[in-house]
Amino acid sequence: MVPILGQASRSGSLTARTIAASKTTASSHRLSITSLLFLLTIASSLPPPSSSSSPKPIHHDPSKCLLYIAESTIPNAGIGIFAGTDFHSGQLIGRDGWGDPAFATIDINWNNADPISGARASKSQRDYHWPLTNYDWSSKSLDILQEEGDDTSMTVVGFGAVPNCHFSLLNVAEHGVSYDLAGLDRYNSPGSGAITPFVNRTSTARHDIYAGSELFVSYGSAWFKNRKSYETVPVKESYVLAQGFLERYGLFLLGRRKRSEGDDVVEKGWKLDLVEDNMILKEEARRDLWELIKTFSYVSRAREALPLYDGIIRAIHKGISAVEVENSMRSMDYLEQYGKCVDNIVPGNSTIPHAGRGAFATRFIPKGGLVAPAPLVHFADKSALHMYNETVNKKNKIVKNSKELLTTQLIRNYMFGHPNSSVVLLPYSSNVAYINHHATEFNTRLQWASDNFTAHNEDWLYKDVIHLEQQWRAGLMLEFIATRDIMEGEEILIDYGDRWQSAWNQHIQDWKPVDPSNDYNNYTFLTKMSSDNAGNTKYRRAELFKLDGAPLRTKDEQKTNPYPRNVVIKCRVDLDIGIGNYTHAPKTTPFYRREFVEDDLIKGSKKSHVCNILKRRGMPRIAFHDEDVDVIGPFLYTVEISNAKKKQGKHTIQENHEITGVPIEAIDLVNQKYTSDMFLKSAFRHEMGLPNGLWPEAWMNLTP
Ligand SMILES: C[S@@+](CC[C@H](N)C(=O)[O-])C[C@H]1O[C@@H](n2cnc3c(N)ncnc32)[C@H](O)[C@@H]1O
């Protein structure tokens with residue numbers, strides 16, 4: 001993912017009203033600045049651009065390579081991802097089993113803070129090199145209920161990282177992740193805590209997609225609005241404004257521009273008159289005018305959304321997105337010649353003990369063939385991945401203890417590195433993160449991208465680490481190549497190298513399962529949690545209390561039969577339902593009581609609140625006559641949510657809620673921060689190695 005780049009310059013802040021009254025000498029070849037300003041500001045809020053609809057039937061052909069990476073159709077946007085066949089509306093993008101993993105990075109600013117003052121590093125100031133800044137997702141956006149740490153950011157490789165965002169062409173919808181430990185348990189596997197449990201993030205087609213189309217996902221308008229260097233990139237509303245502008249421009253070309261409010265000159269069918277002979281400006285003048293509009297120094301997102309000159313009339317007739325779609329397709333010949341297939345592997349359960357998941361071939365791959373491309377995000381300084389214990393500084397502030405390095409972020413296990421180099425590399429295309437190691441029975445090897453592919457700057461391999469540090473955009477690529485014929489269904493394996501193998505051997509030797517009768521001391525390595533653990537009984541993974549089908553315990557029952565301290569109860573309810581706006585901040589905390597409604601589940605999926613269970617009631621017995629069994633229906637719960645904070649204008653309002661009739665689907669038991677397996681002291685951490693001779697000499701800046 002390298003988002004669309006807009007022009008960086010911006011000047012002035014002209015408002016529509018102040019200049020809309022300017023008169024335009026439309027017949028004149030030379031345009032005055034006021035007429036230009038008029039044109040620049042007549043944008044109005046007409047309906048959004050209509051999407052193109054093609055009569056061509058959709059034909060999904062799973063025998064083809066379903067997805068390619070290739071140079072994006074957006075200028076300067078690096079690589080993008082393209083459909084290799086048609087996809088029906090709603091269809092999974094990829095094939096069965098396809099789903100991307102997400103990696104939680106924890107307290108990255110705190111861990112990179114100044115060790116003396118405790119001043120946190122800031123991502124936006126980029127005072128440490130954290131190139132995933134532009135790839136991070138919030139836990140909420142991935143439907144994750146369990147916050148792993150105080151400040152968690154999620155990196156999603158594959159569809160969370162490769163596709164670009166183009167708000168008028170969004171054709172792919174992304175979904176939440178699942179939580180799944182792949183059977184690696186702290187009580188039975190040395191692999192526990194070494195792999196990510198956040199997996200299977202799927203993507204589906206928002207509408208029918210034709211082969212050759214570039215795929216676009218939404219980063220959300222806020223992504224662009226929060227980043228200075230993207231201040232001119234069009235967001236959703238920019239296309240509405242630009243389309244409105246075009247409609248008025250079309251009238252202007254016919255000499256029928258609106259003179260004042262209420263002047264109804266937009267008669268039906270006027271667009272049919274938009275032919276050369278009817279236009280009041282000659283072709284050359286129209287071209288100059290458009291050139292002026294597109295290059296005038298007043299830059300805005302809406303202006304950047306306007307089409308190029310050749311697309312104006314089509315955009316007026318069919319909508320801007322219809323024109324953009326035409327420009328965002330690549331031919332199959334192009335994709336086969338210049339693209340790289342990312343559909344040769346899918347995730348599955350690994351054949352290797354304790355490894356978790358692996359990657360499996362979807363088709364026969366001949367010896368020497370491309371298994372998968374691996375575009376890379378480079379980290380110039382791997383110490384950014386360090387995680388420290390805490391200490392108290394002179395000002396009584398909890399800061400990192402830079403002398404007590406505890407471990408490194410989990411994502412390190414998914415990176416390539418070298419002990420003599422501060423550089424580490426994260427492959428970010430789909431499914432390559434799942435490729436496991438075998439020292440002898442590997443069937444795949446790595447090489448640098450060989451054909452000057454757009455995503456790979458070979459010269460970076462010969463430049464030093466300082467040069468790499470200055471590059472904030474991804475620009476390197478490895479390729480996974482078959483070392484022998486690989487059959488459909490075989491697990492893809494590479495050799496991570498001798499150092500990785502020795503580290504794993506040592507880990508297996510040292511590893512001991514957690515003692516289930518006394519593991520509260522083990523469940524986190526951070527002393528910041530230890531006061532919370534004091535006197536606690538034991539740890540049991542939260543979700544298990546729901547899976548075993550037992551009714552959830554009420555607050556009263558928990559007095560004698562408590563859940564372990566690592567368990568947090570969360571309710572998915574929408575606290576706005578039935579509550580209007582406040583005209584002023586209330587003096588006492590308002591209390592609301594109501595019955596659970598279906599809308600809670602729909603809207604509440606992203607609104608999850610820590611809650612208490614007050615009461616439980618069983619549903620009447622239900623008889624399934626066809627199966628001739630009686631079953632007890634699920635329980636319904638009364639829950640309380642205390643001191644829920646709500647922002648309204650400049651006020652922060654606290655409310656208390658009691659909601660009755662809450663079904664089990666809306667109640668989640670999640671693990672408290674810092675208590676999941678990735679925080680085990682014993683969890684394995686080691687980067688993967690590249691084959692001898694592949695790691696660039698120019699990056700060897702450390703002595704081991
Ligand atoms: C790049 S990831 C591979 C995908 C990973 N298996 C998963 O489920 O997400 C590398 C990690 O997988 C596990 N792994 C890979 N090869 C392994 C092997 N041969 N034996 C045990 N664990 C392995 C280790 O935890 C390693 O740190």
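Salt bridges to begin with. Searching the whole structure turns up 29 of them. Keep in mind that this is a predicted model. Here is one of the bridges: the side chains of Lys673 and Asp150 meet, N to O, at 3.4 Å. This pair links distant parts of the chain. Lys673 sits in the segment after strand E31, which spans 667-671. Asp150 sits in the loop between strand E4 (136-137) and strand E5 (152-156). The two residues are 523 residues apart.

Now the ligand. How many residues surround it? The count is 19. The closest are Ala355, Arg357, Tyr414, Asn436 and His437. What kinds of residue make up that shell? It divides into 13 nonpolar, five polar and one charged. Two elements each supply at least two residues of the shell: strand E19 (436-437) and helix H12 (498-510).

Next, the individual contacts. Ala355 uses its backbone: an N or O atom there lies 2.5 Å from a nitrogen atom of the ligand. Asn436 uses its side chain, with a polar atom 2.8 Å from a ligand nitrogen. Asn413 also brings a polar side-chain atom, and that one lies 3.4 Å from an oxygen atom of the ligand. How much of the ligand is buried by the protein? Taken alone, the ligand exposes 560 Å², and the protein buries 97% of that.

Last topic: empty space inside. Rolling a probe the size of a water molecule over the atoms shows where such space is left. Here, five cavities of 30 Å³ or more are counted. The largest cavity holds about 90 Å³ of space. Which residues line the largest cavity? Among them are Glu148, Tyr179, Leu181, Ser192 and Pro197, along with Ser676, Asp677 and Met678. By class, that lining has six nonpolar, three polar and two charged residues.

That's my tour. Over to you.

Conventions:
Residues are numbered from 1 along each chain as its sequence is written. This is a predicted model: local features need pLDDT of at least 70, side-chain atom pairs count only at pLDDT 80 or more; totals for chains, interfaces and linings use all residues. Side-chain values use heavy atoms; hydrogens and water are left out. A residue is near a molecule or strand if one of its heavy atoms lies within 4 Å of it. A polar contact is a pair of N or O atoms within 3.5 Å; within protein, one must be able to donate a hydrogen and the other to accept it, and residues adjacent in sequence count only if both atoms are side-chain atoms. Accessible areas come from the Shrake-Rupley method with a 1.4 Å probe; for residues, only the protein chains shown count as cover. Helices (H or I, at least four residues) and strands (E, at least two) are DSSP runs, numbered from the N terminus. Ala, Val, Leu, Ile, Met, Phe, Trp, Tyr, Cys and Pro count as nonpolar, Asp, Glu, Lys and Arg as charged, and the others, Gly among them, as polar. On a 1 Å grid over the protein atoms alone, a cavity is a set of points where a 1.4 Å probe fits but cannot get out, and a pocket is an open set with protein on both sides within 12 Å along at least five of seven lines; lining residues have an atom within 4 Å of a point. Grid points are joined across faces, edges and corners, and a volume is the space filled by probe spheres set on the points. A salt bridge is a side-chain nitrogen of Lys or Arg within 4 Å of a carboxyl oxygen of Asp or Glu.
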